[in-house]
Amino acid sequence: MELTTLSLLLLASYGLAFGVMNEKVPFIAYILRAIPLGKDEEGATLGARMLVCPYCTGFHTGWITWLVWALASQTFDATPSFLAGTVLFGFASSAVSYSLDTIIQWFER
């Protein structure tokens, strides 16, 4: 994979994470908040807690972005190496999302 493709996928993943975290796509945020997986002591669901964490949201938008790209480019296969690449891209996306979010928050001060 080319570096430009990888960079664009990481930026797309960050864009999705930013949009979901800041409720630019309200129906997705509503669905995530409604998932009744484990509530904390304040009553927030797992999805609601994820929406305030750029690392967590970036991971999930990363693997989703990777799968969409693989389906669109017809490179999707269910081999262990492809699945490992999907998870690794999710972690790369989480690192990029966290880093960009931190830098942007620093500039907003």
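Biologist: What share of the 109 residues in the protein is buried?
Modeller: This is a predicted model, and in it buried residues make up 29% of the 109.

Biologist: What makes Phe27 exposed rather than buried?
Modeller: Exposed calls for over 50%. Phe27 has a relative accessibility of 55%, so Phe27 counts as exposed. You'll find Phe27 in helix 2 (residues 26-34).

Biologist: Which elements does the protein have?
Modeller: There are five helices and zero strands, giving the order α-α-α-α-α from the N terminus on.

Biologist: How do you know that the span of helix 5 is close to the expected one?
Modeller: The expected span is 1.5 Å times one less than the number of residues. Helix 5 (residues 80-108) has 29 residues, and its first and last C-alpha lie 42 Å apart, close to the 42 Å expected.

Biologist: Which helices do the buried residues of helix 5 pack against?
Modeller: They pack against helix 1 (3-21) and helix 4 (54-72). Among these buried residues are Phe82, Phe89 and Asp101.

Biologist: Which element has the highest mean pLDDT, and which the lowest?
Modeller: Helix 5 has the highest, at 94, while helix 3 (residues 46-50) has the lowest, at 75. The protein averages 86, with 91% of the residues scoring at least 70.

Note on methods: Residues are numbered from 1 along each chain as its sequence is written. This is a predicted model: local features need pLDDT of at least 70, side-chain atom pairs count only at pLDDT 80 or more; totals for chains, interfaces and linings use all residues. Side-chain values use heavy atoms; hydrogens and water are left out. Helices (H or I, at least four residues) and strands (E, at least two) are DSSP runs, numbered from the N terminus. Buried means under 20% relative accessible area, exposed over 50%, partly exposed in between (1.4 Å probe, protein chains only). Contact means heavy atoms within 4.5 Å. pLDDT is the predictor's confidence in each residue, from 0 to 100.
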